[in-house]
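Thanks, everyone. Let me take you through one structure, step by step. Please look at the screen.

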Amino acid sequence: MQSDFSGREFGDNPLLRVQGLAKRYVRGGLLPRYAPVEAVRGVDVELLPARTLALVGASGSGKSTVARCVTRLERPDSGQIWFEGTDIARLSSRELLPFRPRIQMIFQDAATAMNPRFSAAEVIAEPLLIQGCSRPVRLEILQALMRDVALPSEWLNHPVMEFSGGQRQRLAIARALAVRPKLLVLDEALSGLDLSTQAQIANLLLHLQATYSLTFLLISHDLALVAQMADAVAVMAAGQIVEQGQTRQILASPTHEETKRLLASAKTAELNLTSSTVACV
């Protein structure tokens, strides 16, 4: 019997297990004088259902590449990505279709993923239309999702560009939840927000995680946010994981120089390293 980074025991069925993940990119085109760049090399991580794993590291460390491979926006060169017991790393586009709704990604700039001509209802309902939901069912789901992300349902007909950055991020969360995912990959999803809005969205995500047993893969360079949200941390440098473990342990007593450097350069004066009750949004 193994245990995850927070000490919880489990068998061989984590929601997500990444083994030996590797991804290379050709730098400067296809000319042979350019050697491939190894963005990710031999990454191994595991994530239990309803838990949060944070991938942290400096820009270019490979953490976003891992996120894109996990969501299969990128095809890894080698390695395995076990999701709910199936290795999705080598599945074809057609074979991936049943898995797409269960793994959703939320990006830093929600507006880039939204058609500016769409209303909030059209943005959230787009994946429901693909699934063939009828109009009455869509309307019921839309109203429930707006309540879930703490936005007034009467705003459904407003153009998305009338929403603030934090409100658009709530719309992005509602859109992701529309297809009832098991795993949300948050790729710097809060980094473009001011501190007050960031805290509100973080609390909202934690509330939704507790309500719907969501699992988060959090990609971030913000160690204060990681301390608030993550059960476990994996530190990346030069495409590899150099240190991983329970969040409180890693942030309080780091052993690798890269982790120490990240902590030293953290913008936040104090990290919340103690467990606390998160206010529901």
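A word on terms: helices here are DSSP runs of at least four residues, numbered from the N terminus. Keep in mind that this is a predicted model.

Start at Ser 64. Ser 64 sits in helix α1, which covers residues 63–70. Is Ser 64 buried or partly exposed? Partly exposed, because its relative accessibility is 22% and buried means under 20%.

What does Ser 64 touch, beyond its neighbours within four places in sequence? Asp 187 and Ile 219. With Asp 187 there is a polar contact between side chains, at 3.0 Å.

Now step to Leu 186. Leu 186 and Ser 64 are 122 residues apart along the chain, yet their C-alpha atoms are separated by 9.7 Å. Leu 186 belongs to the largest nonpolar core, which has 53 residues. Leu 171, Ile 173, Leu 186 and Met 229 touch the most other members. Among the contacts of Leu 186 are Ile 106, Phe 216 and Met 229. There is also a second, separate core of 31 residues, including Cys 69 and Met 105.

On to charges. The whole structure has 10 salt bridges. One of them pairs Asp 231 with Arg 51, at 3.8 Å from N to O. Asp 231 lies in the loop between α7 and β11, and Arg 51 in the loop between β4 and β5, so the pair ties together parts 180 residues apart in sequence. Arg 51 counts as buried, at 18% relative accessibility. Asp 231 is partly exposed, at 26%.

Last pair: Glu 84 and Arg 102 form a salt bridge, with their closest N and O atoms 2.4 Å apart. These two are 18 residues apart, each in a loop.

Terms used
Residues are numbered from 1 along each chain as its sequence is written. This is a predicted model: local features need pLDDT of at least 70, side-chain atom pairs count only at pLDDT 80 or more; totals for chains, interfaces and linings use all residues. Side-chain values use heavy atoms; hydrogens and water are left out. A nonpolar core is a set of buried Ala, Val, Leu, Ile, Met, Phe, Trp, Tyr and Cys residues joined through side-chain atoms within 4.5 Å. Buried means under 20% relative accessible area, exposed over 50%, partly exposed in between (1.4 Å probe, protein chains only). Contact means heavy atoms within 4.5 Å. A polar contact is a pair of N or O atoms within 3.5 Å; within protein, one must be able to donate a hydrogen and the other to accept it, and residues adjacent in sequence count only if both atoms are side-chain atoms. A salt bridge is a side-chain nitrogen of Lys or Arg within 4 Å of a carboxyl oxygen of Asp or Glu.
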